[in-house]
Amino acid sequence: LCISCYSRSTVLQQQFNKMGKVETGSVALPAIMRSGAGGPENFHMGSMPQAKQHITSGQMHRGHMPPLTSAQQALTGTINSSMQAVQAAQASLDDFDTLPPLGTDAASQAWRKNKMDESKHEIHSQVDAITAGTASMVNLTAGDPAETDYTAVGCAVTTISSNLTEMSKGVKLLAALMDDEGGNGQQLLGAAKNLASAVSDMLKTAQPANTEPRQNLLQAAGNVGQASGELLSHIGETDTDPQFQVCLY
């Protein structure tokens, strides 16, 4: 017995008769029964199961991306080490510096004032270097990745992280002096920590292997500029480097 409703093939079946011939027949016709060697047989009717579709979704695996060039790998290493330095600086901003015992005499007051002015000047210069490095990094990565000067980008990243590390030291001292005079040094520490956090987020977005839209890098750079302005306002210096705004936009 040969039954098929879906197949388009030909069956060749041996027949036990006196002529010794074989019989051919198509199995494409539904429910057509032919005699077989074993006599009549039972058959069953049914339907074909529906096709099943399996869908897999998820993000593209990094292994499917083109490998980084040697220059991109070098920049990745620079960014990673710079992020570690920035995060260490951020963690150090939890406490003030320890000041030596300061009196109320004229010499002590003069020392305190000179040290505060000196710290403010250094912090302002370091913040300007951070914003300038940020603008440089944004501009250098604006074109075709194949034509990007990754060495220059790495220099900008190093400028940002090294100045932020030095700035955190000056902020800790200035915050202690401000607090000693009755000011709010904690607010200055908080503003510096916000700047460090903004820089860390920006460096993460600038990774060569990052697949986020470029707008995210621009937004992160804008956050650095905003945090820089807020920090300077806490030390009484609100003017920021205008070149940063020009280069960024």
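Among contacts in the protein chain between residues at least 6 apart in sequence, what percentage join residues at least 24 apart? In this model, which is a predicted one, the figure is 73%.

The protein chain contains six helices and two strands. Read from the N terminus, the order of its elements is β-β-α-α-α-α-α-α. The chain has 249 residues, and 32% of them count as buried.

I turn now to a pair of helices. Helix H2 covers residues 106–140 and helix H4 covers residues 185–205; the two pack at an angle of about 20 degrees, and their axes lie 12 Å apart. Angles under 35 degrees count as roughly parallel, and H2 and H4 are therefore described as roughly parallel to each other. Their crossing is left-handed. On the H2 side, the contact is made by Val127, Ile130, Thr134 and Met137, while H4 contributes Leu195, Val199, Met202 and Leu203. Sorted by class, this contact has seven nonpolar residues, one polar residue and no charged residues.

Finally, I would draw your attention to helix H5, which spans residues 214–234. H5 has 21 residues and reaches 31 Å from its first C-alpha to its last, close to the 30 Å expected at 1.5 Å a residue. Which residues of H5 are buried? They are Leu217, Ala220, Ala221, Val224, Gly225, Ala227, Ser228, Gly229, Leu231 and Leu232. Just after H5 comes Gly236, which takes a positive phi of about 85 degrees.

How values were computed
Residues are numbered from 1 along each chain as its sequence is written. This is a predicted model: local features need pLDDT of at least 70, side-chain atom pairs count only at pLDDT 80 or more; totals for chains, interfaces and linings use all residues. Side-chain values use heavy atoms; hydrogens and water are left out. Helices (H or I, at least four residues) and strands (E, at least two) are DSSP runs, numbered from the N terminus. The expected span of a helix is 1.5 Å times one less than its number of residues. Buried means under 20% relative accessible area, exposed over 50%, partly exposed in between (1.4 Å probe, protein chains only). Axes are lines fitted to C-alpha atoms, for helices over the stretch in contact, and angles run from 0 to 180 degrees between N-to-C directions. Angles under 35 degrees count as roughly parallel, over 145 as roughly antiparallel, 65 to 115 as roughly perpendicular and the rest as oblique. A crossing is left-handed if the near helix is turned anticlockwise from the far one by less than a right angle, and right-handed if clockwise. Contact means heavy atoms within 4.5 Å. Ala, Val, Leu, Ile, Met, Phe, Trp, Tyr, Cys and Pro count as nonpolar, Asp, Glu, Lys and Arg as charged, and the others, Gly among them, as polar.
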